[in-house]
Amino acid sequence: MRDTPKPFWSPLAAGTVLGLALLLTFIVTGHGLGASGFVTRFAAQANDWVAPQATAENAYFGPFMKAGAPLLSWITWEVIGVLIGAWLGAKGAGRISVKVERGPRVSSGSRLGYALVGGALVGFGARLARGCTSGVGLSGGATLAVAGFVFLIGFFAAGFAVSFMMRRLWQ
Amino acid sequence: MTIPFYDGGVAAGLLSGVLFGYALEAAGFGSPRKLTGQFTLRDFSVFKVMFTAVLVCAIGLYVLRTMGWMGPNAVFIPTLFFWAILGGGVLIGAGFAMGGYCPGTSVVGVASGRIDAVVFAIGMVIGTSAFAWVYEPLMGFYMAGKGPNAQTLPQLFGLPEWVILAVLVVFAAVGFRLGSMMERARGGPFTAEEVCAPDDEADEFAMRSGDTSTARG
């Protein structure tokens, strides 16, 4: 028997700390937090490893490669920070859980299949929206940008609709 | 007007990231069951944490500007491209409901041991690459419905910023109340004990709460 994990923070407490971290980021850097920007740079680099010529000529990845070393960017350090911060928090609270987390009615295999497809939709969607839940939803929302709220409306509407259609995935 | 500092260095990135990751993990956002509980109405943490954070930061930025410590266009404000941003939001909402994460929370999932988060991240790299390869034919859609540069809600509605902030605070408060009622009705929200158990215990949970034989296929 291992120790029971410490409870999560209340949403109000976690949201307040997250909001202050976001405010500090705006004060220090002039922009908000993000995540998918790193995925874009990583994908550009990965495509360059596989097909350098085609990636350099690609209209979307080309400019990243032309600028050189796409991973040497603020967003890379930020995502490494997220890994460190989340690991420290989970470790300190006994919340590290090495497992395939899934709903009670779904096998590990199909859970991983849905994770791959869901991830692909999110990756594509983040490029279309010019950012993700962190970059456009959270950071854009905090600047009261119309773009941030249009994003959030689409995000919540589709989340509810798909979740309703695929109820057995998580329930 | 001495802020922001426009510091894009390694230390600034690591500092922001550590705080971001620590807060997300403390909220329980390394767990895809807790995250997707938002859309089954069992756990309103996504709404609650996100709206609290948006409002705390938005009010902070408002105070900094009102005190004259920050210029009116000092921070980055995204510009609306209606169809692409709405469509991207829809795809991320759909992918989140299916895959269990968004980009930021998948990093938290990886850091706290979730193998499904690693697979989700591989999916994101594939989806991002797919976008790059169809970027040119999609260009029309990508640029459609452009709004004014860096437009904000106070500009859109022609209202003072404090009025918009007050409306959003009321909206969040109502959402908190309704959310808590729905959570209670569905046996939520998810606790750390429920979602941070190792895999063998998760299987026990699965046995007790449903017939696993219907899960195959």
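How many Å separate the centres of domain 1 and domain 2 of chain A, taken over C-alpha atoms? The first legend has the answer, and keep in mind throughout that this is a predicted model.

**Figure 1. The two domains of chain A.** Here chain A is split into domain 1, running over 1-98, and domain 2, running over 100-171. Taken over C-alpha atoms, the centres of domain 1 and domain 2 of chain A sit 17 Å from each other.

**Figure 2. Where domain 1 of chain A meets domain 2 of chain A.** On the domain 1 side, nine residues make contact, and their partners are 10 residues of domain 2 of chain A. If you're looking for the largest share of the domain 1 side, go to helix α2 of chain A (residues 36-50), which supplies four residues. Sorted by class, the domain 1 side that touches domain 2 of chain A holds five polar residues and four nonpolar ones, with no charged residues at all.

**Figure 3. Chain B against chain A.** Now for the contacts between chains: 124 residues of chain B are in contact with 118 residues of chain A. On the chain B side, helix α6 (residues 115-143) gives the largest share, with 20 residues touching chain A. As for the make-up of that chain B side, count 78 nonpolar residues, 36 polar and 10 charged.

**Figure 4. Chain B on its own.** There's not a strand to be found in chain B, whose secondary structure comes to 10 helices and zero strands. Follow the sequence along and chain B reads α-α-α-α-α-α-α-α-α-α. Along its principal axes, the C-alpha trace of chain B spans about 60 × 45 × 35 Å. Chain B has 217 residues, and 49% of them count as buried. Take the contacts in chain B between residues at least 6 apart in sequence, and 71% of those join residues at least 24 apart.

**Figure 5. The annotated transmembrane regions of chain B.** An unreviewed UniProt entry lists "transmembrane region" for residues 6-24, 45-64, 76-103, 115-135 and 155-176 of chain B. Two of these spans get a close-up here. Residues 6-24 of chain B are 79% helix and 0% strand, and their end C-alpha atoms lie 24 Å apart. For residues 155-176 of chain B, the end C-alpha atoms are 27 Å apart, and that span is 86% helix with 0% strand.

Methods:
Residues are numbered from 1 along each chain as its sequence is written. Chains are lettered from A and ligands numbered from 1 in the order in which they are written. This is a predicted model: local features need pLDDT of at least 70, side-chain atom pairs count only at pLDDT 80 or more; totals for chains, interfaces and linings use all residues. UniProt positions are given in the numbering used here, feature names are shortened, and annotations may be inferred rather than shown by experiment. Helices (H or I, at least four residues) and strands (E, at least two) are DSSP runs, numbered from the N terminus. Domain bounds come from an automatic or database domain assignment. Two residues are in contact if their C-beta atoms, placed from the backbone, lie within 7 Å. Ala, Val, Leu, Ile, Met, Phe, Trp, Tyr, Cys and Pro count as nonpolar, Asp, Glu, Lys and Arg as charged, and the others, Gly among them, as polar. A residue is buried if 20 or more other C-beta atoms lie within 10 Å of its own, exposed if 12 or fewer, and partly exposed in between; C-beta atoms are placed from the backbone.
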